[in-house]
Amino acid sequence: MSSSRKSSSRKRKGVAAAMHPRNKYAENAPDFSLLASKYPAFRSFVSYSAGANNRPRIDWTDFNATRELTRVLLDHDYGIKWWIPDGQLCPTVTNRANYIHWIEDLLASCPAPWHQNGEHEEVVCGIDIGTGANCIYPLLGTALHKWHFVATDITAIALSWAQKNIQSNPSVADLIEVRSSLIEDAGGSNWDTTTIAAGNNDTGEEITHHSTAIIEEGKGAVSSSEAVVDTKHAAILVGVLKEGERFDFCMCNPPFFTSMAEANANPRTACGGTEAEMVYPGGEEMFVARMIEDSATLKHKIHWYTTMIGRKLSLKVLTAKLWTLGVAAVRTTEFVQGHTSRWGLAWSFTAPPKIESSKTSVQIKSNVSFMLEGLRHGCSAVDVLQGLISQLQSNGVLCKLDLSSFSINVSILGLSFNSSLHPVHSYVYVALNCICQFMKVFQQAPGSLLIKASLGKGASFESGKLFMKIFENAEQALKEQFNLKQRRTM
């Protein structure tokens, strides 16, 4: 195999690992067979591959199939009722969820100053720039975190259908405001809401694949060739925010392309998208450059400015522009959807909190271990398990032992986790502040056990300190209990 093919293979194997760990699909992809059994309308789009695998699949070049998949995933996994008319941009749920979780990470690592000062501590507010008819970011953000959103767009059909999708989810409808970003309509003062009323379903029937209701602008199917609004009259941020408003973040899935011919160049997928959604003079680079200019005017009125990027080259150019502007913080990430990568770019005019220097703080290692040697005859991993339970309980951790399955049910910091230990080698699974960690006990030789622990990727500094403290206490407790000398191996 050539080196280039090896590199490609390694990249494909790493795709799943690049999905955000809190994404519902990070460990298990959507089960098309299960979804087909629960949603008859989706069933007609599912086929099965020939051969022994007989895997369920859909035709990714069929817009109706990808739209129906988005609908059933949002309903099944998030409880969101959703639909869009023909031709509008159909989002992929997994990729959009990655973006929402990344925003959550940014806010956790560096919250807005007004939260640090105790103002409106539990209210997180965001702006979705160009929400589209699908309005997926506000719907996911409110469903997952009860965030408040202002959702903006420039076309009547996007604004109308965004509102329709919001109203189909009454539990979060009060958390989302739809606002026009046309300059003459900025702030929603002149936006004609009669088109929304015309599209409402007064019977209270949920949006389904049958309910592509006719809106006022057009009787029948919505054309994908909807006229493009003159971008000179379309605001991005400046002119959209109202006096006195401030937001924790803004997010954006910008128009990536310079023409529809460029947008339609990929024949392997069918995500739809109108020219207003897909095209901008100068493409994504110019659109985000305007966002950056707006941020230089607004500065601290939005704490984290974020956007998705379609090309890595654009990411490099725009990051350089940000540092030239003199922002206080820049963050980037990668979003993975199947074999497609997108990138996230975030910046802030507020400096993030300083991390303690290694001279004055606890050094956090991602992998630690120690040996128990010279165990008396008959002492097994189960005995070590019992000692570990006693030590955890002495630190205020609730433990319940099930000897029939060699498992421990544990509750720490209000979260539950399950641990399993077996006589020869054992596994202890720990969830701490939503960060996965692992402890393993291996029998190296008669009378010797190796206890290993690994801190999950993305753990916060405070989580890491607590994790290390628990592990160090376990080592000391086991040493005293079994009266052994220990050799640290890492």
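Here are a few friendly notes on the aromatic rings in this predicted model.

1. Let's start with the overall tally. The model holds 13 aromatic pairs. Two of them are worth a look in your viewer, and each is described by the distance of the ring centres and the angle of the planes.

2. Trp-102 belongs to helix H6 (residues 93-109), while Phe-335 belongs to strand E8 (residues 329-337), so the contact ties together parts that lie 233 residues apart in sequence. Both Trp-102 and Phe-335 are buried.

3. Next, please turn to Tyr-280 and Phe-287. With 5.1 Å between the ring centres and 85° between the planes, this pair is edge-to-face as well. Tyr-280 has a relative accessible area of 8%, so it is buried. Phe-287 comes out at 10% relative accessibility and therefore also counts as buried, given that buried means under 20%.

4. Now back to the ring pair of point 2, with its neighbours.

5. Finally, a word on charges and rings. Lys-24 lies over the face of Tyr-78, 5.2 Å from the ring centre. Lys-164 has its charged end over the ring of Trp-161, at 5.7 Å from the centre of that ring.

Key: Residues are numbered from 1 along each chain as its sequence is written. This is a predicted model: local features need pLDDT of at least 70, side-chain atom pairs count only at pLDDT 80 or more; totals for chains, interfaces and linings use all residues. Side-chain values use heavy atoms; hydrogens and water are left out. Rings of Phe, Tyr and Trp (its six-membered ring) pair if their centres lie within 6.5 Å; planes under 30 degrees apart count as stacked, over 60 as edge-to-face and the rest as tilted. Helices (H or I, at least four residues) and strands (E, at least two) are DSSP runs, numbered from the N terminus. Buried means under 20% relative accessible area, exposed over 50%, partly exposed in between (1.4 Å probe, protein chains only). A charge sits over a ring if NZ of Lys or CZ of Arg is within 6 Å of the ring centre and within 35 degrees of the ring normal.
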